[in-house]
Amino acid sequence: MNPNDRQIGGSHYSAKVQHWDICGEFDIPYLIGCMTKYLYRYPAKNGMEDIGKAIHYADKWIEIFYNSGRIPARMSQNETYYLKLNESLLEFSKGIHEDVDSRVREMIVYSLFNWGYMSREQFVSYRNMLQEILDASNN
């Protein structure tokens with residue numbers, strides 16, 4: 001049985017193209033994969049708790065790569081790789097829950113596509129946007 005044909009503990013992953021398919025096929029780093037997983041599922045599973053978890057992973061990415069001065073290793077890929085990634089992300093984005101905030105939807109897709117090229121400022125601005133969403137939900 002294909003792992004995509006079953007889910008343990010819920011029904012929040014039901015899209016044609018699954019998050020783990022994108023991460024596996026395109027070698028998305030662990031921290032970016034975890035962050036975007038929580039953003040992808042937050043309206044259908046744990047709500048704002050998942051936004052908080054995504055922030056936690058974003059903070060770790062910032063610590064490891066931006067605060068230390070390390071540059072994330074991005075394999076040099078050919079044009080075919082990026083065209084296929086773009087096509088897969090377009091299909092994947094159709095499966096993002098309709099209740100996902102449009103800013104979060106943009107962050108999911110942009111982070112998966114550009115994880116090795118985002119400046120510290122871009123990444124931190126996305127992280128801060130998530131914090132604003134979380135803070136607004138607590139008021």
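How do α2 and α5 run relative to each other, roughly parallel or roughly antiparallel? The views below take up that question in a predicted model, where local features need pLDDT of at least 70, side-chain atom pairs count only at pLDDT 80 or more, and totals for chains, interfaces and linings use all residues. Residues are numbered from 1 along each chain as its sequence is written, and side-chain values use heavy atoms, leaving out hydrogens and water.

**View 1. Helices α2 (residues 30-41) and α5 (residues 102-114) pack together.** Their axes (lines fitted to C-alpha atoms over the stretch in contact, with angles from 0 to 180 degrees between N-to-C directions) lie 10 Å apart at an angle of about 155°. The pair is therefore roughly antiparallel, a label for angles over 145 degrees.

**View 2. Side chains meet where α2 faces α5.** Here Ile32, Met35, Thr36, Leu39 and Tyr40 of α2 are in contact (heavy atoms within 4.5 Å) with Val104, Met107, Ile108, Ser111 and Leu112 of α5. Sorted by class, this contact has eight nonpolar, two polar and no charged residues.

**View 3. Helix α2 sits largely enclosed by the rest of the structure, because 10 of its 12 residues are buried.** Buried means under 20% relative accessible area, with a 1.4 Å probe and protein chains only. Among the buried residues are Gly33, Cys34, Tyr38 and Arg41, and their cover includes α1 (19-25), α3 (48-67), α4 (79-94), α5 and α6 (120-137).

**View 4. Ser93 has its place in helix α4.** This serine is buried, with a relative accessible area of 19%. Beyond its neighbours within four places in sequence, Ser93 touches Arg105 and Val109.

Methods. Helix = DSSP H or I, 4+ residues; strand = E, 2+ residues; numbered from the N terminus. Parallel < 35°, antiparallel > 145°, perpendicular 65-115°, else oblique. Nonpolar A, V, L, I, M, F, W, Y, C, P; charged D, E, K, R; others polar. Buried < 20%, exposed > 50% of the residue type's maximum accessible area, 1.4 Å probe, protein only.
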